[in-house]
Amino acid sequence: MLDTKRISQRVLMVLIGIIAVAFCLFFLIGYDNPYDEEPMFNAPRLTGFVLILAYVMTIGAFVLSAVSIIMALRRRDKESAVVNNIPATRIAFAVTGGVAALLLLTFLIGSAAPMNINGTQYAQTLWLKTADMFIYTAVAMIAVAVALVVIFIVKSRR
């Protein structure tokens, strides 16, 4: 029987292989087809395939995350709440709640102003705010990570 580490490594390698094949096919089969309405742009033949692959992987990631959370909550016991005098459960809930709050906050402050991209206007408020949410959240989390690394380096040198 394979241990968890080997299973996750094999799943990662299979996913990387599927993605590599999909993108090779995307760029090698009909990538240079001119777009009917604007010949200056490309209309690759396998765009739909790449989009479906992205949707399937995103939905799969959400489903696996939900299953993992449910299984972890079921297996959780009171002894694992504090490990080596570190409140592991409290830290996990604080991080989860913090990320959820950050996502909500960045969604609320995201812009819904319409955008013109390649001559097409995009005005769907939900998707504009969602895109801003992910960008702002990623930037905020990277900034916090860099700040914490700098703080811990300064503290460790004292």
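I started with the charged pairs: Arg6 forms a salt bridge with Asp3, and their closest N and O atoms are 4.0 Å apart. (A salt bridge here is a side-chain nitrogen of Lys or Arg within 4 Å of a carboxyl oxygen of Asp or Glu.) The count by this rule comes to one salt bridge.

A note on what I'm looking at: this is a predicted model, where local features need pLDDT of at least 70 and side-chain atom pairs count only at pLDDT 80 or more, while totals for chains, interfaces and linings use all residues. Residues are numbered from 1 along each chain as its sequence is written, and side-chain values use heavy atoms, leaving out hydrogens and water.

Next I checked accessibility (buried is under 20% relative accessible area, exposed over 50%, partly exposed in between, with a 1.4 Å probe and protein chains only). Arg6 is partly exposed at 47%, and Asp3 is partly exposed at 40%.

Then I looked up Asp132, in helix α4, residues 125-157 (helices are DSSP runs of H or I, at least four residues, numbered from the N terminus). Is Asp132 buried or exposed? Asp132 is buried yet has no salt bridge, and Lys129, the nearest side chain of opposite charge, is 7.2 Å away. (Lys and Arg count as positive, Asp and Glu as negative; His and the chain ends are not counted.) Setting aside neighbours within four places in sequence, I found Asp132 in contact with Gly110 and Ser111, contact being heavy atoms within 4.5 Å.

Definitions and conventions: Helices (H or I, at least four residues) and strands (E, at least two) are DSSP runs, numbered from the N terminus.
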